[in-house]
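User: I would like to go through the labels attached to this model and hear what each one rests on.

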Amino acid sequence: MKLRLFIIAIIPAAVIITGIYLSDRHDREPLKVLLFTYILGALTVIPSVIVEEFLIGFNIFPGVLGAFYNAFFVAGFTEEFFKRLVVLKYPYKTKFFDEKLDGIVYSVFATMGFATVENIIYVAYRYTNNPFIGLYRGIFSVPAHAVFGITMGYYLSLAKFDTNIDRKRMNMRKSLYMPLIMHGIFDFILMAEIPQLTMIFVPYVIFMWVLNQRKLANFMYDSKSRVIGLKRKE
């Protein structure tokens with residue numbers, strides 16, 4: 001039983017990172033760097049849990065305010081901070097981070113590392129008696145982490161390759177607070193337990209996917225143009 005649940009838990013992230021890896025067709029990143037980024041992302045579950053438990057202790061707010069605090073400050077801020085930290089401390093500093101698409105690729109690998117461990121905890125251990133939890137998380141939660149990663153990587157790349165100091169700093173800040181806001185809204189809709197609010201959950205998820213698919217498509221086009229330009233120079 002546990003093996004079957006374990007497999008169910010890891011499949012969504014495996015599919016997503018495979019898709020992102022194949023999307024980087026023109027200048028793929030070294031597998032060892034991607035793998036290490038993924039592992040570091042998985043390890044961020046440890047500090048995230050510790051900090052989240054600490055922050056939950058300060059949640060003195062009732063009802064909807066308490067849900068808002070947990071969604072944005074406990075889950076959103078903590079998880080996005082540590083996932084972003086992985087990218088900044090490792091792949092961001094390597095010579096392989098040499099085009100804008102790389103920010104998205106590395107950020108998604110880091111976020112999928114985190115999402116894999118989180119999904120295993122939920123599917124294989126915490127909610128083993130719920131046959132629908134794996135399906136729900138595979139359709140919504142794990143892909144949502146990928147979307148947050150695309151947003152994060154998009155702004156990290158804008159920051160890395162911009163020569164304007166003010167814009168660089170602005171995009172560096174956005175690489176944290178934009179995925180944080182998206183993550184917070186996603187969790188708040190579920191935590192607030194407001195029936196009218198849950199009606200916008202699926203439209204919100206679709207909106208996030210469309211918005212970030214455009215970001216990914218733009219950087220994929222830039223990657224192709226860059227490689228073609230380099231070949232012409234040769």
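The turns below take the labels one by one.

Analyst: This is a predicted model, in which local features need pLDDT of at least 70 and side-chain atom pairs count only at pLDDT 80 or more, while totals for chains, interfaces and linings use all residues. Residues are numbered from 1 along each chain as its sequence is written, and side-chain values use heavy atoms, with hydrogens and water left out.

User: What is Ser48 in contact with?

Analyst: Contact means heavy atoms within 4.5 Å. Apart from neighbours within four places in sequence, Ser48 touches Thr78, Glu79, Phe82 and Phe114.

User: What makes the pair Thr44 and Ser48 a polar contact?

Analyst: A polar contact is a pair of N or O atoms within 3.5 Å; within protein, one must be able to donate a hydrogen and the other to accept it, and residues adjacent in sequence count only if both atoms are side-chain atoms. A polar side-chain atom of Ser48 lies 2.7 Å from the backbone oxygen of Thr44.

User: How do you know whether Ile50 is buried or exposed?

Analyst: Ile50 is also found in helix α3. The relative accessibility of Ile50 is 57%, and therefore Ile50 counts as exposed.

User: Which residues form the nonpolar patch, and what makes them a patch?

Analyst: Patches take residues with over 30% relative accessible area and no salt bridge; like charges are joined within 9 Å, and nonpolar side chains (Val, Leu, Ile, Met, Phe, Trp, Tyr) within 5 Å. Here the members are Leu35, Phe36, Ile39, Leu43, Ile46 and Ile50, with about 580 Å² of accessible area together, by the Shrake-Rupley method with a 1.4 Å probe, where for residues only the protein chains shown count as cover. Helices α2 (31-43) and α3 (45-56) each supply at least two of the residues, and α2 gives the largest share, four residues.

User: Why are Glu80 and Lys83 called a salt bridge?

Analyst: A salt bridge is a side-chain nitrogen of Lys or Arg within 4 Å of a carboxyl oxygen of Asp or Glu. The side chains of Glu80 and Lys83 meet at 2.9 Å, N to O. Both residues are buried. Glu80 and Lys83 are separated by about one helical turn, because they are three residues apart in helix α4 (residues 63-89).

User: How many salt bridges are there by this rule, and which others can you name?

Analyst: The count comes to three salt bridges. Glu118 pairs with Arg137, the closest N and O atoms being 2.9 Å apart. That pair links distant parts of the chain, with Glu118 in helix α5 (residues 100-126) and Arg137 in helix α6 (residues 133-160), 19 residues apart. Both Glu118 and Arg137 are buried. Arg167 pairs with Asp162 at 2.7 Å between the closest N and O atoms.

User: Why do Arg167 and Asp162 carry the labels they do?

Analyst: Arg167 has a relative accessible area of 42%, so Arg167 is partly exposed. Asp162, with 14%, is therefore buried.

Definitions and conventions:
Buried means under 20% relative accessible area, exposed over 50%, partly exposed in between (1.4 Å probe, protein chains only).
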